[in-house]
Amino acid sequence: TQCVGPSMMPTIGSRGDIVLTVPFATYRWASEALSGDHARLRGAVIISTSPTNPSQTICKRVHGLPGETVTVRPPPGHLRPLMAFGSPPLLRAPDEAVSSGASSYEVVVPRGHVWLQGDNLSDSTDSRMYGPVPTSLVQSVVLGKIYPFHQMGRLPEPPPPPPLPPPLPPPLPPPSRLAGGGAAPPPHERPSPLEEQSSSPHSPA
């Protein structure tokens, strides 16, 4: 299988690396037989039918299995995924998280779905945009790379995620109050020192 595009860089090159795959049903059966569940799928690179264009396939890494909680860092301009296959329960609504200054939110992956992301988060269209993907769309699992020849072998581990940016500063405190309980007048409405001196009844003649 040939993978083209920048979303899995640097693990898979953008010019069309060739990878060795095994059908998803075979891989899932083997992993369940060995480990008792499908936990081996976590972190695997898979080939799937695109959830937004059935005529295309995508190559992504599994970041969340059914029932797991995934911490999501929304890309710029995408505060909430489109949830093409139903909205999973959100532990913290993305809009609320963004408005409160948080740079991430959490999603519980629904049953029968996986959460997919590219290794190149800055240039990847994945579950952060279209939500969790049904496992019925997963076609195969990547076992390793066979071309370029000098990179033949198992795929390297995914790169560590970038550090979270610092939270937004807290809002400014309300305007200070005068001793009498009224708000301080704006600077342009306050009298100048000369006006205060001329209006004082005890100022010298």
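Where is Phe-149 found? Select it: Phe-149 sits in the loop between E9 and helix H4 (193-199). Before moving on, note that this is a predicted model, in which local features need pLDDT of at least 70 and side-chain atom pairs count only at pLDDT 80 or more, while totals for chains, interfaces and linings use all residues. Residues are numbered from 1 along each chain as its sequence is written, and side-chain values use heavy atoms, with hydrogens and water left out. Helices (H or I, at least four residues) and strands (E, at least two) are DSSP runs, numbered from the N terminus.

Is Phe-149 buried or exposed? Phe-149 counts as exposed because its relative accessibility is 61%; the classes are buried under 20%, exposed over 50% and partly exposed in between, with a 1.4 Å probe and protein chains only.

Next, select Ile-18, Leu-20, Leu-143, Ile-146, Tyr-147, Phe-149 and Met-152, which make a nonpolar surface patch of about 660 Å². Strand E2 (17-23) and strand E9 (138-147) each give two or more residues to the nonpolar patch, and E9 has the largest share, with 3 residues.

**Stop two: from Ile-18 into the sheet**

Ile-18 belongs to strand E2 and, at 30% relative accessibility, counts as partly exposed. Select Gln-2 as well: Ile-18 is its bridge partner in E2. E1 and E2 pair in the antiparallel sense over 2 bridges; strands pair if DSSP finds at least two bridges between them.

Now show the whole open sheet, 7 antiparallel strands in the order E1-E2-E9-E3-E4-E7-E8. Strand E1 (2-3) and strand E8 (133-134) are at the edges with a single partner strand each, so one side of each has no neighbour in the sheet.

**Stop three: Gln-117**

Finally, select Gln-117 in strand E7 (residues 113-117). Gln-117 counts as buried, at 6% relative accessibility. Its side chain makes a polar contact with the side chain of Trp-115 at 3.0 Å.

Notes:
Patch = residues over 30% accessible without salt bridge, like charges linked within 9 Å, V, L, I, M, F, W, Y side chains within 5 Å. Areas by Shrake-Rupley, 256 points an atom, 1.4 Å probe, with all protein chains shown as cover. Salt bridge = Lys/Arg side-chain N within 4 Å of Asp/Glu carboxyl O. Polar contact = N/O pair within 3.5 Å; in protein donor to acceptor, adjacent residues only side chain to side chain.
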